[in-house]
Amino acid sequence: MILLKSVELREMHMPLVHPFETSFGRTTLRRIILLTARSADAVGYGECTASEDPLYGSETTETAWHILSDFAIPWLIGRTIESAADCAGILRPIRGNRMATATLETALWDLEARQKCVPLHRLIGGVREEIPCGVSIGIQASISDLLAKVRREVSDGYRRVKIKIKPGWEVEPIKEIRSEFPDLPLMADANSAFQLSDLPLFERLDEFGLMMIEQPLAHDDIVDHAKLQQRIRTPVCLDESISSADDARKAIELGSCRIINVKLGRVGGYFEALEINDYCSRNGVPLWCGGMLESGVGRAHNIALSTLSGFTLPGDVSASRRYYEEDTVRPPGAVTRGGTILVTQSPGIGYHLDWDRIERATVRKQEFGVS
Ligand code: OSB
Ligand code: MG
């Protein structure tokens, strides 16, 4: 049983080690919301995965702050729920805004795990003690910069490399990587930068034996993706288009994708992610855990999610030092020589928050309590 007594929201400013560029833009500074949830007997942490600008999805750090502070938190505070699994149902009347609601939902799962003194991956039914890791490499200034990055990640042991593509940065970069690394598990993420009329381009990419192509077409489309998937051999993986288990079912029924990237924020938290895991496992659709340039708390949640049975492919869960010089948790998440992360066995998300670092990064804070 959880009686939510208080919640603290804080916004942190976290500079990235290198700018991260995708087809929709470039990020140099993350504005990250960290949520602390408290009951009488336990505490839990959630990190908001909304971006600074409404370019990946419609949410932003600012809209998430509004939805959390004016709706989601007031709806749950002072309430007693049986378990964290009840949170999603209470927040369901809020349409969209899933990254906002996931911040609170995931914090309550962490709280329940700490209350029960079990690791979060055990509470959600995870089956892995070690997770395979991949990297996401942003658009670079030149092909030689890109090749240098790929060499570094391969020598660090990562199990697969994903590169970001956009019109004009697709065939050439992939061709060059392929000629140097013929057997590397390689994939490309377009973040919705193309249209069905670009079919000839996708037919060319078909020759490079990519593991998959991620979200080639519109962010809210599953119909054109189905037409595209019928015409190419490379598996289509959906990211932006999947906000719920129902979306996953429809995309699979239509043949819009053969693989799904699951992000806790995009789908509203663990309850929905678990439903997607069940549905996709029953239907033989492999999953992997996506990333949103999370700091340590979000990264820890991604590690827990990656232990679920359906998450059989390496995810975008990589070492924190690729993004942040100073992370919000201690020790910062690291990757083994074999390109894996060893799952911690401590209660909850299993990492210590670095409050000194968090305080220095905090630019605003708001407290909510039972009145
Ligand atoms: O589409 O997967 C994406 C980062 C920001 C927004 C969208 C995406 C990404 C990534 C980075 O690919 C994944 C990571 O956190 O390493
Ligand atoms: Mg993506």
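**Exercise 1.** Find which oxygen contacts of ligand 1 involve Asp 239, Asp 189 and Leu 293, and how much of the ligand's accessible area the protein covers.

*Solution.* 
Step 1. In this predicted model, a polar side-chain atom of Asp 239 is 3.1 Å from an oxygen atom of ligand 1.
Step 2. For Asp 189, a side-chain N or O atom lies 3.0 Å from an oxygen atom of the ligand.
Step 3. Leu 293 contributes a backbone N or O atom, 2.9 Å from an oxygen atom of ligand 1.
Step 4. On its own, ligand 1 has 390 Å² of accessible area, and the protein covers 98% of this (Shrake-Rupley method, 1.4 Å probe).

Local features need pLDDT of at least 70 and side-chain atom pairs pLDDT 80 or more, whereas totals for chains, interfaces and linings use all residues. Side-chain values use heavy atoms, without hydrogens and water; residues are numbered from 1 along each chain, and ligands from 1 in the order in which they are written.

**Exercise 2.** Describe the shell around ligand 1 by class.

*Solution.* 
Step 1. The ligand is surrounded by 16 residues (a heavy atom within 4 Å), Ser 136 and Lys 164 being among the closest.
Step 2. Eight of the shell residues are charged (Asp, Glu, Lys, Arg), five are nonpolar (Ala, Val, Leu, Ile, Met, Phe, Trp, Tyr, Cys, Pro) and three are polar (the others, Gly among them).

**Exercise 3.** Is Asp 41 buried or exposed, and what does its side chain contact?

*Solution.* 
Step 1. Asp 41 is exposed because its relative accessibility is 55% (exposed: over 50%, 1.4 Å probe, protein chains only).

Notes. Polar contact = N/O pair within 3.5 Å; in protein donor to acceptor, adjacent residues only side chain to side chain. Buried < 20%, exposed > 50% of the residue type's maximum accessible area, 1.4 Å probe, protein only.
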